[in-house]
Structure formats: C-alpha cells, structure tokens
Amino acid sequence: IYRSGFIRRAYYIYMKHLVKKYATLGIAGSTQAGISLFGPKWNMDHRWQLIKYGINVDHFNKVVNKETIRKKLGITSDSLIVGHVGRFSEAKNHPFIIDVFSEILKIDSSIRLLLVGDGENLIDIKRLAQKKKVEDKIIFTGLRHDIAELMLGAMDIFLIPSLWEGLGLVIIEAQAAGLPCVLSDIIPKEADIIPDLICRIPLSEGAKQWAKKIINFYDMKHRQEISQTKILSAIINSPLNFQTGKKKLESIYSK
C-alpha cells in the first residue's frame, strides 16, 4: 500500500511538472485551487485563469414539503437537524463531526445529525458513532441526488469542519437553501456569498466549543431569517452562479 501510494504521489508531482512546462492554458476553480495546481505565483502567469465553478440556482428555487421529506428519513417535523453533505474521506473531517455531535447531544438530546454521502471512510465513521453511542441519533442517507430537497426540507443548520477545501461548492448550496453554515476557518472565503449565514471557527477550539457555537448560531439566525428571494438573487449575481462560469468556459472553447 505504501509503495503504491508513493508511486501515485510521484506520478502526480511529475504530471504537475509537465503541465507547468508545456500547457498553454490552465483553469482553476478557486484561488486556493490555483495555488495548489500552479504554484503560489500562478496569477503572474498569463496561461492560468480563474473560473469559479458554481451551482444551478434553479434547484433551490422551489417549495418543498418539509414534513414529507422528514417523514421519509424518519425525522420528526419539530426536530432540530444538523446537516452535512460530503464524501466520507479524510478532507471532510467526519471524526470531528461525530465528536461535535456528541457534545451537542449533551446540550440538547433531541437534536439529530443528517449525514449525506458515501466514501471509503463510511464504515469507520459508523463504528465511531457506535463507540460513542450516538449512532441511533444519526441518519446516514448514503449517496443522494436530491441534495437541494434535503437541504430545503430536512436540515436546519449546516456543518462542514473540513481539513481542506479547494472552494467548497456544498457551502454555496447550503447558503442557497438559506441554511446557517458553521465551517472551519481554513475553507476559502470565496464560498461566502451571504455573510450573515456564515460562522467560521478554528478547528483548534475543539468539539465542545464548536457544539456551543453551533447551537448559539442557529438560535441567533433562526430569529433573523433572510428571505429566499434575496439569497437566490445574491447567488445569481455572483461569480458562483453556474451560468456565469459556463459562459466563461464556452468562450474559451469557442476560440
């Protein structure tokens, strides 16, 4: 395993070298992605461009029946749901999510955690939830294609304590659904479209402080709801609207 991992890493480094040397055009989806792909001075090279990938706002411009969606998931209509969408991989920091949720339950045992996604670490996270005796309060949905409906109908607050992110497209989706978002401070701020919905916390503060801030942030934002019309308008007029990025990409390929 070590050798195969070493070979993959060496191949990746070699390919990056070839790209930097011979490519005539390179596209990054965020500033952080540009640094990772092309180096810290990437924006000094005319070959490299920034085209932010975005979301299809139409998916979030709908009315959903929350009671129906929650019923299918086995969630009561009055439960407070902490949601997360992401691949079960190291970057998404699921062990910390379980730790935070364990602390949340100490504050309010009626709260539930909705984890959407699949991945290589799923079994390990389920085992961790069992070890901490919180598995019966977590809904694992697996891979889903109705993310907008789940965010609009099942989630109350969104949690994403990632160890690293190129941009964090799912954060844009969560904002489009009007969800207060609690995220790690290493996630690029380019994903922040509705600042009033964003709360950033250093991972160094630990699970207990995260749990308290999640509850407090939800309570505050629950009393200060932002209209969905205003939210969607802001995303439509931002570089993170899928149509904006699509037009830029089409213009490149049409040359």
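Which residues does D156 touch, not counting residues up to four places away in sequence? They are R70, S79, L80, I81, L179, P180 and Y218, where contact means heavy atoms within 4.5 Å. This is a predicted model, in which local features need pLDDT of at least 70 and side-chain atom pairs count only at pLDDT 80 or more, while totals for chains, interfaces and linings use all residues. Residues are numbered from 1 along each chain as its sequence is written, and side-chain values use heavy atoms, with hydrogens and water left out.

D156 lies in the loop between α6 (147-153) and β6 (157-160); helices (H or I, at least four residues) and strands (E, at least two) are DSSP runs, numbered from the N terminus. With a relative accessible area of 18%, D156 is buried, a term that stands for under 20% relative accessible area, as exposed stands for over 50% and partly exposed for values in between (1.4 Å probe, protein chains only). Its side chain makes a polar contact with the side chain of R70 at 2.9 Å, and the side chain of D156 also reaches the backbone nitrogen of I81 at 2.8 Å. A polar contact is a pair of N or O atoms within 3.5 Å; within protein, one must be able to donate a hydrogen and the other to accept it, and residues adjacent in sequence count only if both atoms are side-chain atoms.

The view can now widen to the whole chain. The protein chain holds ten helices and eight strands. Its radius of gyration is 20 Å, close to the 18 Å that the globule rule gives for 255 residues, so the chain is as compact as a globular protein of that length; the radius is taken over C-alpha atoms, and the rule is 2.2 Å times the number of residues to the power 0.38. Along the principal axes, the C-alpha atoms fill a box of roughly 55 × 50 × 30 Å. Buried residues make up 45% of the 255 residues, and among contacts between residues at least 6 apart in sequence, 66% join residues at least 24 apart.

The interior contains nonpolar cores, each a set of buried Ala, Val, Leu, Ile, Met, Phe, Trp, Tyr and Cys residues joined through side-chain atoms within 4.5 Å. Of the 40 residues in the largest one, F60, V85, L114, M151, M155, F158 and I171 touch the most other members. Elements that each supply at least two residues of this core include α3 (66-73), β3 (81-85), α6 and β6. V85 touches V116, I147, M151, M155, F158 and V170, leaving aside residues up to four places away in sequence. Apart from this core lies another, of 30 residues, among them L80, I97, I138 and I157.

The cysteines deserve a separate look. A search of the whole structure finds zero disulfides, a disulfide being a pair of cysteine sulfur atoms within 2.5 Å. The sulfur of C181 is 10 Å from the closest cysteine sulfur, in C199, which is too far for a bond. C181 counts as buried at 0% relative accessibility, and C199 counts as buried at 16%.

Y12 and L73 are 61 residues apart in sequence and 41 Å apart in space, C-alpha to C-alpha. A23 lies in the loop between α1 and β1 (26-28); A23 and R47 are 24 residues apart in sequence and 7.9 Å apart in space, C-alpha to C-alpha.
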